[in-house]
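Hi,

Here is the structure I promised to pass on to you. Have a look at it first, and then read my notes below.

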Amino acid sequence: GGITDNLGLRTVSDTLAASGGTEGVREKAFERGDKLPRHIVVIIVNAATASDAAMDESNKNPSASRVVSAVTSLQLTRYDETSILMVKENLRSIAQVLSTPEQPVSTHFIDVSIQDEEKPDILEFLNNVPTSFSLSDDQVDQLIESGRAILRNNPEFKNLVQDLNTR
């Protein structure tokens, strides 16, 4: 992630473009003699925290920093949505180019978010974990535990596991 590409997805599209697009990927795979994949999987983890709803519920003017934060979050969310659509389209394109009648290529775009946490107390905890290079052991343990549960409950991840187990 980052300031302008919160989910880090633009790099995927940029790398694909630099490689000659979907046809370039196919040509390079054939040149190297690579075995073509049966599945292409992209997993994104959105660690964005919940917005500050209290600002909407008050008749007091918010501080400048709260307004800037809200506007920045909105812009990142819109940019993220555009990035997601672009990567999904790239995945469909790559699968179409790499698929053969004998071996179709399946794509799996798995989008998980800490906001998918079902337990309200854990969700509150996760929303309060700071963006930092230094987290406590408890924070790390909870992030790992929640991430594992959120991923395993994701419908597209379940489809992937099922597809992998049937081959």
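Predicted model: local features only at pLDDT ≥ 70, side-chain atom pairs only at ≥ 80, totals over all residues.

Residues are numbered from 1 along each chain as its sequence is written, and side-chain values use heavy atoms, with hydrogens and water left out.

The overall picture

The protein has six helices and two strands, and along the sequence they follow the pattern α-α-β-α-β-α-α-α. Helices (H or I, at least four residues) and strands (E, at least two) are DSSP runs, numbered from the N terminus. Of the 167 residues, 29% count as buried. Contact here means heavy atoms within 4.5 Å. Taking the contacts with a separation of 6 or more, 72% are between residues 24 or more positions apart.

Around F125 and Q142

F125 sits in helix α4. Leaving out residues up to four places away in sequence, F125 touches D138, Q139 and Q142. Q142 belongs to helix α5, and at 16% relative accessibility Q142 counts as buried. Beyond residues up to four places away in sequence, Q142 touches I122, F125 and L126.

How do helix α5 (residues 137–153) and helix α6 (residues 155–165) cross? Their axes come within 5 Å and cross at roughly 70°, which makes α5 roughly perpendicular to α6. The axes are lines fitted to C-alpha atoms, for helices over the stretch in contact, and angles run from 0 to 180 degrees between N-to-C directions. Angles under 35 degrees count as roughly parallel, over 145 as roughly antiparallel, 65 to 115 as roughly perpendicular and the rest as oblique. L151, R152 and N153 of α5 meet P155, F157 and K158 of α6. Sorted by class, that contact has three nonpolar, one polar and two charged residues. Ala, Val, Leu, Ile, Met, Phe, Trp, Tyr, Cys and Pro count as nonpolar, Asp, Glu, Lys and Arg as charged, and the others, Gly among them, as polar.

The cores

A nonpolar core is a set of buried Ala, Val, Leu, Ile, Met, Phe, Trp, Tyr and Cys residues joined through side-chain atoms within 4.5 Å. The largest one has 14 residues, and I40, V42, L98 and F109 touch the most other members. β1 (39–46) and α3 (64–98) each supply at least two residues of this core, and the largest share, six residues, comes from α3. Apart from this core lies another, of five residues, among them I110, V112, F157 and L160.

Neighbours within four places in sequence aside, F109 is in contact with V42, I44, I84, V87, K88, L91 and E156. L36 is in the loop between α2 (21–32) and β1, and L36 is buried, with a relative accessible area of 16%. Again leaving aside neighbours within four places, L36 is in contact with A29, F30, L98 and Q103. L36 and Q103 are 67 residues apart along the chain, and their C-alpha atoms are separated by 8.6 Å.

Two loop residues

A47 lies in the loop between β1 and α3. At 53% relative accessibility, A47 counts as exposed. A47 and I114 are 67 residues apart along the chain, yet 5.6 Å separates their C-alpha atoms. Q115 is in the loop between β2 (106–113) and α4 (120–127), and at 30% relative accessibility Q115 counts as partly exposed. From C-alpha to C-alpha, Q115 and N46 are 8.4 Å apart in space, and 69 residues apart in sequence.

Happy browsing!

Methods: Buried < 20%, exposed > 50% of the residue type's maximum accessible area, 1.4 Å probe, protein only.
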